[in-house]
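This briefing is for a reader meeting the structure for the first time. Please look over the sequence and the model before reading on.

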Protein chains: 2
Amino acid sequence: MPRISEKGRLMPASPIRKLVPFAEEAKRKGIKIYHLNIGQPDIPTPRVALDAIHNNTLEVVEYSHSAGNESYRRKLSEYYRAIDIDVDHNQIIITTGGSEAILFALLSCLDPGDEVIVPEPFYANYNGFAITAGVKIVPVTSSIETGFALPPIADFEKLITSRTRGVIICNPNNPTGYLYSEGEMEKLGELIKKHDLYLFSDEVYREFCYDGHSHFSAMHIKGAEQNVILLDSVSKRYSACGVRIGALVTKNMDILYTAIKFAQARLSPPSLGQIVGEAALDTPQDYFDRVSEEYIMRRNLMVDMLNKIDGVVCPVPKGAFYTTVRLPVDDADQFSQWLLSDFEYDNETLMLAPATGFYSTPGLGKDEVRIAYVLNKEDLEKAMICLEKALKAYPGRRL
Amino acid sequence: MPRISEKGRLMPASPIRKLVPFAEEAKRKGIKIYHLNIGQPDIPTPRVALDAIHNNTLEVVEYSHSAGNESYRRKLSEYYRAIDIDVDHNQIIITTGGSEAILFALLSCLDPGDEVIVPEPFYANYNGFAITAGVKIVPVTSSIETGFALPPIADFEKLITSRTRGVIICNPNNPTGYLYSEGEMEKLGELIKKHDLYLFSDEVYREFCYDGHSHFSAMHIKGAEQNVILLDSVSKRYSACGVRIGALVTKNMDILYTAIKFAQARLSPPSLGQIVGEAALDTPQDYFDRVSEEYIMRRNLMVDMLNKIDGVVCPVPKGAFYTTVRLPVDDADQFSQWLLSDFEYDNETLMLAPATGFYSTPGLGKDEVRIAYVLNKEDLEKAMICLEKALKAYPGRRL
C-alpha cells in the first residue's frame with residue numbers, strides 16, 4: 001500500500017474531532033447539548049439573499065469568470081468604497097469562502113519554508129493552510145490579562161528572521177473577540193513597512209464591532225497599499241457560511257495577477273453562492289442593527305454570568321461572537337471531554353472548544369476554552385448555568 | 001514591495017488567456033465568435049436539479065459536514081454501486097468541484113518533489129494543482145496516429161524513478177475524447193500494482209461514452225483497491241459546472257482519513273451546490289439518452305466535416321465532448337490568434353484551444369488544437385465551414 005504524504009501526516013485534525021464521539025454518545029443517551037463550540041450562527045440569512053436563489057432563472061448553471069462575476073465584483077467594490085476601502089472590481093478576486101482567499105494569498109506570496117507571524121491564540125485552520133502551502137507559522141503570544149490585545153511590536157521584532165515574509169491578523173478576532181484599535185493597526189503597519197512584509201488581514205467579522213467601536217481595516221493603513229491583502233467572506237456577515245463565498249482584495253497588481261492564476265486552475269467560485277453574495281449586498285441596515293443588538297445582548301449576558309462564576313476570567317470582547325475564557329480547571333481538553341462523557345445537569349450539557357487548538361506554542365491555553373455565543377438568550381442562559389454546575393462538580397477543578 | 005512566491009511565478013496562465021484580448025477586440029468589431037475553446041456545455045441542467053434549488057426551504061445557509069451532507073453521500077454511494085463501484089458513504093468526500101478532489105488527492109499522497117506520470121496531451125489544470133502541491137508532472141506522450149490511445153506500458157516503465165508516486169489519467173479523456181478500453185485499464189492496473197503507485201483516475205466524463213462502448217472505471221481494477229483514487233464531478237454529467245461539486249472516492253481508509261483533514265481546514269463544500277448534486281441523482285435516464293444522442297450527432301457532423309478539409313486529421317473520439325485535431329498550419333497558437341485578429345467569414349470566426357497548452361513536452365502539439373463540440377448543430381456546422389475557409393486563407397498554411 002503506497003504511503004501518505006508528509007503534509008497529510010502533519011495536517012491537524014479538527015480540534016473538536018476528538019470530542020465528537022463523546023458528543024454522539026451523549027446524544028444517544030438523550031442528553032441535550034448546547035453547542036458553544038462552533039461559529040455557525042443561528043441568525044437567518046437575509047431574506048433578499050434567499051429570495052435571489054429561489055427566483056434565479058438559470059437554465060444552465062455555468063462556470064463564472066475565475067475571479068467571480070463582474071457584476072458582483074462591481075457591486076462589492078461599492079460596498080468597500082462605502083467603508084473607505086478604495087478598490088475597483090479588478091482588485092477583487094471572489095474565492096470559495098474566506099478559506100480559499102487565505103490559501104491563495106499564502107501560495108502567491110510565500111515560498112515553502114518561509115515564515116509568517118501570527119498572534120496566538122489564532123483561528124486553528126490557519127495551520128491547515130500553512131501546511132498546504134508549506135510555510136511555517138511563528139506565534140507571537142497575546143494574553144488574557146490584556147484581553148488579548150495586540151502583543152507589543154517588540155515581541156514581533158524578536159521573531160523576525162530572514163525567512164519572515166508576513167503577518168496574519170484576524171480583526172475582530174476569532175477566537176478572542178478582540179478588536180484591534182486604530183493605534184494598534186498603525187503600529188503594525190509601521191512594522192510591516194519597515195521590514196517590507198505582507199500583512200494578511202482576515203476581516204470576516206468586520207460588521208461585528210460593539211460598544212460604538214468602529215473597525216479600522218488594514219486597507220486603511222497609509223503607505224502599506226502594496227503590502228496588505230484583505231481576506232474576506234460573506235459567511236458571518238450574512239449568516240451564509242454554506243454558500244462558500246469569500247474574497248481576496250488587494251491594491252498590489254502583482255499579487256492579483258498571481259492569485260488569479262491559482263483561481264483559473266480551479267475554474268470558478270460557486271455560481272449559486274455568488275447569486276446569494278451579490279443579492280446580500282442589498283441587505284437593509286436594520287438587519288445588521290438587529291443582529292448587532294442581539295449579539296451585544298448575548299455577549300453581555302454571557303460575560304456577566306461567566307465572571308460571576310468562581311475562578312472564571314472572561315474579558316469583554318468588543319467584536320465577533322467569540323470569547324476566550326479562563327476556567328478553573330486542570331486541563332480544558334479533559335474538562336471539555338468530561339462535560340460530554342460524565343456530566344449532565346437537568347439532562348443537559350455543553351460542548352466547548354478547548355483553546356489549546358488555537359495556540360501554536362505547546363502548553364499554552366490549557367485552562368482556556370473558546371465560547372461562541374451563537375445561541376439564543378434562553379439557551380445561552382441555560383448553558384451558562386450548566387457550566388457553573390459543571391465547574392463545581394468537575395474532579396479536576398483547580399482552586 | 002515584497003516579492004511574489006516561486007510557485008506564483010511558475011503557475012501557468014490559462015492557455016486561452018493570451019487569446020482573450022483578441023476575442024474581445026473581434027467582438028468590439030461586431031464579429032460573432034463560435035466558442036469551441038471551452039468545455040462549458042450548452043445543455044440545460046436537469047429540471048429536477050434546478051427545481052431543488054428553487055424550492056429549498058433553508059432559513060440559514062449553514063456549513064455542511066466537511067465531507068459533504070451524509071444524505072448526499074449515501075445517495076451517491078447508490079449511484080456508484082449501480083455502476084459496480086462498491087463504496088459506502090464513508091468512502092466519499094464531497095469536494096468543491098473535481099478541481100479540489102485532484103488537489104486533495106495530490107496533497108494527501110505526494111510530497112514536494114515527488115513525480116506523477118500523466119499521458120499527454122492532458123487537462124492543462126493538472127499543471128496548476130501539481131505546482132500548488134509542489135509535485136512534478138512527468139509526461140508520457142500519446143499520439144494522434146493511434147487516436148491518443150494509452151501509450152505502451154514500456155513507455156511508462158522507462159519514466160519510473162525513485163520519486164515516482166502515481167499516474168493520473170482522465171477517462172474519457174479531456175482533451176482528446178479517447179476512451180480507455182478495459183484492456184488498457186487492466187495493463188495500467190498491473191503497472192500500478194507492480195510499482196505500488198497511486199492511480200488518480202479523473203472520470204468526470206463517465207456518462208459520455210459513445211458507439212456502444214461502456215466505461216471501465218479504475219475502481220473496477222481487481223487488487224488495486226488501495227491504490228486507486230477516483231476523482232469525480234457533477235459539472236459535465238448534469239451540465240452544472242457552476243455548482244462546484246465534485247468528489248474524492250477511494251477504498252483506501254488512510255487516504256480518506258488524510259483527505260478529510262484538508263477538507264476540514266476549508267470547512268465544507270458549497271451547500272447550495274450539494275442540493276443540486278443530490279437532486280440531480282434523480283435525473284431520468286431519458287435526459288442522458290437525449291444528451292448522448294445530441295453529442296453523437298454533433299461529433300459525427302464535426303468529425304466528418306473536419307476530415308473532409310484538406311490536410312486536417314481528426315480521430316473519432318469515443319467519449320467526452322472534445323477532440324484534438326491536427327491542422328495544416330505552421331503554428332496552431334499563431335493560427336488561433338490570427339482567427340480572432342485577422343480573419344472573418346460572413347462576419348463570423350471561431351475560437352480554438354491551441355493544443356500546446358495540453359502538452360508538457362516542449363514543442364509538441366504545435367499543429368494541433370482542441371475543439372469542444374459544445375455548440376448546437378447549426379452553429380457547429382457554420383463553425384466548421386468557417387474553419388475550412390480560414391485554413392484556405394491562413395498565410396501560415398503548411399502543405
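The model is predicted.

**Domains of chain A**
- Chain A is divided into domain 1, made of 6-44 and 286-393, and domain 2, which spans 57-280.
- Between the C-alpha centres of domain 1 and domain 2 of chain A the distance is 26 Å.

**Where the two domains meet**
- In chain A, 38 residues of domain 1 are in contact with 39 residues of domain 2.
- About 3000 Å² is buried between domain 1 and domain 2 of chain A, and carbon and sulfur atoms give 62% of this area.
- On the domain 1 side, Lys318(A), Ala320(A) and Phe358(A) lose the most area to domain 2 of chain A, together 21% of what that side buries.
- Two salt bridges are found across the interface of domain 1 and domain 2 of chain A.
- Polar contacts between domain 1 and domain 2 of chain A number 16 residue pairs.
- Helix 1, helix 11, strand 9 and strand 12 of chain A each supply at least two residues of the domain 1 side that touches domain 2.
- Helix 11 of chain A gives the largest share of that side, seven residues.

**Nonpolar cores**
- The largest nonpolar core has 213 residues, and those with the most contacts inside it are Tyr80, Phe335 and Leu352 of chain A and Tyr80, Phe335 and Leu352 of chain B.
- Apart from this core lies another, of 78 residues, including Ile102(A), Ala265(A), Cys109(B) and Tyr123(B).
- Leu352(A) touches residues that include Ile16(A), Leu36(A), Phe335(A), Val369(A) and Leu387(A).

Terms used
Residues are numbered from 1 along each chain as its sequence is written. Chains are lettered from A and ligands numbered from 1 in the order in which they are written. This is a predicted model: local features need pLDDT of at least 70, side-chain atom pairs count only at pLDDT 80 or more; totals for chains, interfaces and linings use all residues. Side-chain values use heavy atoms; hydrogens and water are left out. A nonpolar core is a set of buried Ala, Val, Leu, Ile, Met, Phe, Trp, Tyr and Cys residues joined through side-chain atoms within 4.5 Å. Buried means under 20% relative accessible area, exposed over 50%, partly exposed in between (1.4 Å probe, protein chains only). Contact means heavy atoms within 4.5 Å. Domain bounds come from an automatic or database domain assignment. Buried area is the accessible area (1.4 Å probe) that two parts lose on being put together, summed over both. A salt bridge is a side-chain nitrogen of Lys or Arg within 4 Å of a carboxyl oxygen of Asp or Glu. A polar contact is a pair of N or O atoms within 3.5 Å; within protein, one must be able to donate a hydrogen and the other to accept it, and residues adjacent in sequence count only if both atoms are side-chain atoms. Helices (H or I, at least four residues) and strands (E, at least two) are DSSP runs, numbered from the N terminus. Lists of a residue's contacts leave out its neighbours within four places in sequence.
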